[in-house]
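Please keep the model open while you read.

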Amino acid sequence: MTTEAATRRMPGAPCWVSLLAHSLPVTQEFYGALFGWEFRPGPQHFGPYSRAFLDGREVAGVGELAPDRHLPVSWTTYLASDDADVTAEQIRSCGGTVGVGPLDADDDTGRMAIASDPQGAIFGVWQGRSMMGTAFTGEPGTAVWNELVTRDTAAVGPFYEHVFGFEAEPLSPDDTADFDYLTLHLKDHPVAGIHGVGSALPRDRGSHWMTYFAVSDTDAAMRRVTELGGHVLDGAHDSAHGRLATVSDSEGAVFTLISGAEGPSPHP
């Protein structure tokens, strides 16, 4: 196992991303065309569900909402756990909410829960058994970074530190005096970020976890998104960590494209 793969399996590290959509066929068509994903059936706990594969390796999950559930579609970041039940109790004791589970996946690949932090951002907990999470990352079509977008880091940073054991490192004043950002570390490895955006937090979304997917060419991928019926929310721009664009798929699920990433934390 590579160091990178081992890091993603550390308790607390993002290990999986999953999307609940209104139409599984429509969503599969979109991401298949954008990232080259192929799909195979997965656990059917909450309805139709497929796992996405790239070059034969698992990279994400896509499920279908029940027809009577008129919820906005969104990507969910799952954080690894050695014991989902213990983590669920820690979430509750630190002011979060556990909305689903913990429960076993019906193919015995692991145990999971869906929770939200004190600011309402939804995330998953995954205790892997035969399936530990995404099989690889760092290549185009894979998730390469997960970032909590919230009002301010001080309000929610301690929750993630206490529940998951992160060591939070703020940006130095030399980076920017006005940029509220924490990089979350596990055993000195940066694994996720918290971005405080203040009043710029979308009112229709609130606090949320953002998934960054690697692409070989951000501008080309952005154009492909619109061709496939998606939308560009924040056009391509360069950052210290790569070229970024925030987009939504054909059903409105928001994610970020990044190319040329040279570091683990692609904040602006």
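This is a predicted model: local features need pLDDT of at least 70, side-chain atom pairs count only at pLDDT 80 or more; totals for chains, interfaces and linings use all residues.

Residues are numbered from 1 along each chain as its sequence is written, and side-chain values use heavy atoms, with hydrogens and water left out.

Q: How do you know that strand E5 and strand E8 pair?
A: Two strands pair if DSSP finds at least two bridges between them, and strands themselves are DSSP runs (E, at least two residues; for helices H or I, at least four), numbered from the N terminus. Strand E5 (residues 74-80) and strand E8 (residues 122-128) have three bridges, in the parallel sense, and therefore count as paired.

Q: What makes strand E2 and strand E6 edge strands?
A: The open sheet has eight strands in the order E2-E3-E4-E1-E5-E8-E7-E6, with mixed pairing. Strand E2 (38-41) and strand E6 (97-104) each pair on one side only, and these are the edge strands.

Q: Which strands does helix H2 touch as it packs on the sheet?
A: Contact means heavy atoms within 4.5 Å, and helix H2 (residues 24-35) touches strand E1 (14-21), E2, strand E3 (49-54), strand E4 (57-64) and E5. The direction of H2 makes about 150° with that of E4, where axes are lines fitted to C-alpha atoms, for helices over the stretch in contact, and angles run from 0 to 180 degrees between N-to-C directions. Helix H3 (residues 84-93) lies across E6, strand E7 (110-116) and E8, and runs at about 175° to E6.

Q: Why is strand E9 called largely enclosed?
A: Buried means under 20% relative accessible area, exposed over 50%, and partly exposed in between (1.4 Å probe, protein chains only). Seven of the eight residues of strand E9 (residues 143-150) are buried, so the strand is largely enclosed by the rest of the structure. E9 pairs with strand E13 (residues 208-214) in the antiparallel sense over six bridges, and four bridges join E9 to strand E12 (residues 189-196) in parallel.

Q: Why does Ser250 count as partly exposed?
A: The relative accessibility of Ser250 is 32%, which lies between the limits for buried and exposed, so Ser250 counts as partly exposed. Ser250 is found in the loop between strand E15 (242-248) and strand E16 (254-259). Leaving out residues up to four places away in sequence, Ser250 touches Val26, Phe30, Leu228, Gly229 and Gly230.
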